[in-house]
Amino acid sequence: APEYPTVEGFTFLGWYPEGVFSGPYWDFATDTMPDVESGQMTMLSAGYPIYDVTFESNGGTPVDPVLDVVDGSKITAPEAPTRTGHEFAGWFSDVELETPWDFASDEVESDLTLYAAWDIDTFTITFNSNGASVGGTIEPQTIEYGALIDEPSVFKNDFVLEGWFAYDGETEFEWIFPTMTVDQNWELYAKWIPRYDVFFFADGTLFDQINGIQQGYPVAYDPGIPTKTGYTFSHWTANDGYESFEIDL
């Protein structure tokens with residue numbers, strides 16, 4: 001066997017037949033040359049280990065592997081993957097994401113998988129309580145991408161909370177706290193429905209009352225039937241400030 005060559009930074013593995021860097025090494029003790037009369041010739045080439053580097057993007061866009069990296073070589077950092085709601089935070093050589101890979105100095109010495117690390121995006125949620133008498137000033141919430149918002153507790157005298165609403169630039173919509181998740185900064189604003197007290201008078205005397213009826217809703221309350229000697233009760237009437245009219249409870 002000839003004296004093996006030396007290349008700084010590499011380990012010589014053996015001689016490969018036919019110049020192909022794969023398959024079994026040439027065994028000088030047993031391998032023989034082909035028949036000279038056939039006109040064939042065997043060329044032996046020095047072989048050095050080569051490795052593949054693959055990338056696990058951990059939910060991000062795929063990254064092509066780097067193949068046939070010569071032992072002890074450095075590789076160029078690939079284009080960073082992308083992932084909705086996250087910022088790329090670098091490549092690591094361990095699945096626990098504890099050891100960052102330095103493309104400027106780290107060398108490939110075996111087959112290798114590099115793992116992507118991500119920082120999750122956070123967003124600011126602000127609230128406009130629209131005059132709530134309790135809980136009127138609400139601190140903004142910092143919410144991670146894909147997380148739920150904590151619904152504020154608010155109260156406004158003589159009103160019922162219809163819900164919290166948002167505007168996406170085109171459409172107003174109600175925010176459903178148990179199911180909707182955060183994907184950007186939002187301002188949520190409270191909508192209130194007035195509520196009223198209804199008083200029932202019989203011949204100028206308060207007969208009954210019900211409190212807190214929401215605007216636009218039926219009274220849905222039966223105060224009972226007042227009595228008056230010599231008369232039979234007919235119906236209740238209301239006055240809107242202009243005229244009296246019969247009402248259907």
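This is a predicted model: local features need pLDDT of at least 70, side-chain atom pairs count only at pLDDT 80 or more; totals for chains, interfaces and linings use all residues.
What is the relative accessibility of E172, and does that count as buried, exposed or partly exposed?

Analyst: E172 has 38% relative accessibility and counts as partly exposed (buried is under 20% relative accessible area, exposed over 50%, partly exposed in between; 1.4 Å probe, protein chains only).

Residues are numbered from 1 along each chain as its sequence is written, and side-chain values use heavy atoms, without hydrogens and water.

The partner of E172 is K191: their side chains meet in a salt bridge, 2.8 Å from N to O (a side-chain nitrogen of Lys or Arg within 4 Å of a carboxyl oxygen of Asp or Glu). The pair links distant parts of the chain, with K191 in strand β11 and E172 in strand β10 (residues 172-174), 19 residues apart. Strands here are DSSP runs (E, at least two residues), numbered from the N terminus. K191 is partly exposed too, at 26% relative accessible area.

The count comes to three salt bridges. Another joins K228 and D203, with the closest N and O atoms 2.9 Å apart. K228 sits in the loop between β12 (205-214) and β13 (237-239), D203 in the loop between β11 and β12; they are 25 residues apart. K228 is partly exposed at 40%; D203 is exposed at 61%.

E107 and K74 also pair, at 4.0 Å from N to O. E107 lies in the loop between β5 and β6 and K74 in the loop between β4 (66-70) and β5, so this bridge ties together parts 33 residues apart in sequence.

Conventions:
Helices (H or I, at least four residues) and strands (E, at least two) are DSSP runs, numbered from the N terminus.
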